[in-house]
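The following exercises are to be worked from the sequence and the coordinates. Each task is followed by a solution in steps.

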Amino acid sequence: MEAVLTREEAVVRPDGDQRKTLDVTLKSITSLAENINAFEFVSLDGNALPAFSAGSHVDVHLPGATIRQYSLCNSPNERHRYVVAVLRDPAGRGGSVAMHDTLRAGQKIVISPPRNHFALAEPARKHLFIAGGIGITPIMAMLAQVQRRGEVFHLYYCARTPERAAFLDRLTPLVEKGLVSLHFDEGDPKKGLDLASTLAKQGEGTHLYYCGPGPFMDAIEAASAHWLASTRHCERFSASGAVAPSSPVDGRAGDTPFDVELRRSGKRCTVQPGESIIEVLRAHDVAVDTSCCEGYCGTCMTRYLAGEPLHRDTVLDDEDREEFVMICCSRSKSPTLVLDL
Ligand code: FES
């Protein structure tokens, strides 16, 4: 039997979905590495949780109406628990500090059901994973999946020191089998993974997956630019300096005003340069659900019905972009963008 999603706590999504939330118990908090804790969630009633696929994440609702996304790192084969690993980052936006400093085992927590913007490719002749720091979390679920299926893979895991690397107990046996390579740079980029040579050749049928801090992601994106777009898969947990402005209100040279029409409510409003669609909607009393506000978490995904968005997110692929737009960071190329709100 599956755990029951709580209707009364459903979050109304800007794309009109009733995104149901899930009450869970934080069963345990375990130290994995320096400043990295694992948080294990189980259902309140002991029933199975909704199934998830490798690469999925959940929204965790924290005190103060803060919502943060964390990748599931346990095996998708497990139905009795969700596990996320979180690096406490005092320089972050507060979510990881709240996770570490305010949550206690035994607490009831509200999360979202899992959703996936970082799925494994099927079929793939080989899976090539590159993880930087806490970016190892979705990759751990992927490793469990490809190992269970008996598929070919190799993981490069980069961290500053072994003390800052999570999951070494599970990865060390795979290092001995030649399936995982560990790179500890001790803060010296010259000792890091040679991305250019690692990614120089694109083996036919090989899919690349990468996750880590922003500069690490930008470096891999550049080093794999010659790969087919359809073979590169990534998940960001911070905005790319190359893709998104540091804040939606920063704007960019050349941004022009445009109108947003809300098809269902009949509202119409104008978004000026330096404003985000979300800010304008909120000013017109339209409730929207956001988290990162920088185009990498997927929370504000909204269906559009007419017009041509100017996409500035790092989540949607080309196919998704034909239907959806991230309204925290994207704008419109056409004079009017019609949203399904
Ligand atoms: S709020 Fe994160 S992508 Fe828009």
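**Exercise 1.** How many salt bridges does the structure hold?

*Solution.* The model under study is predicted. Applied to the structure, the salt-bridge rule gives 21 salt bridges. One of these pairs is Asp23 with Lys108, whose closest N and O atoms are 3.8 Å apart. The pair meets the criterion because a salt bridge requires a side-chain nitrogen of Lys or Arg within 4 Å of a carboxyl oxygen of Asp or Glu. The next step is to locate the two partners: Asp23 lies in strand β2, while Lys108 belongs to strand β7 (residues 108-111).

**Exercise 2.** Identify the domains, and describe the contact between domain 1 and domain 2.

*Solution.* Begin with the division of the protein chain: domain 1 covers 6-115, domain 2 covers 126-236 and domain 3 covers 248-339. Taken over C-alpha atoms, the centres of domain 1 and domain 2 are separated by 24 Å. To the contact, domain 1 contributes 17 residues and domain 2 contributes 16 residues. The area buried between these two domains is about 1,300 Å², and carbon and sulfur atoms account for 61% of that area.

**Exercise 3.** Which polar and charged pairs cross the interface of domain 1 and domain 2, and what makes up the side of domain 1 that touches domain 2?

*Solution.* First, consider charge pairing. Side chains of opposite charge can pair when their charged atoms come close. Across this interface the rule finds one salt bridge. Arg164 and Glu34 form a salt bridge, with their closest N and O atoms 3.7 Å apart. Second, two residue pairs are in polar contact across the interface of domain 1 and domain 2, both at pLDDT 80 or more. Third, turn to the side of domain 1 that touches domain 2: β2 (18-33) and β6 (82-87) each provide at least two of its residues. The most comes from β6, with three residues. Sorted by class, this side has 10 nonpolar, six polar and one charged residues.

**Exercise 4.** With which strands does β16 pair, and in what sense?

*Solution.* Strand β16 (residues 301-306) and strand β18 (residues 324-326) are antiparallel and share three bridges. Within this pairing, Phe324 in β18 stands opposite Arg303. Then take strand β20 (residues 336-339), which also runs antiparallel to β16 and is joined to it by two bridges. Here Val338 in β20 stands opposite Ala306.

Terms used. Residues numbered from 1 in each chain as written. Predicted model: local features only at pLDDT ≥ 70, side-chain atom pairs only at ≥ 80, totals over all residues. Heavy atoms only, no water. Domains from an automatic or database assignment. Contact = heavy atoms within 4.5 Å. Buried area = accessible area lost by both parts, 1.4 Å probe. Polar contact = N/O pair within 3.5 Å; in protein donor to acceptor, adjacent residues only side chain to side chain. Helix = DSSP H or I, 4+ residues; strand = E, 2+ residues; numbered from the N terminus. Nonpolar A, V, L, I, M, F, W, Y, C, P; charged D, E, K, R; others polar. Pairing = 2+ DSSP bridges.
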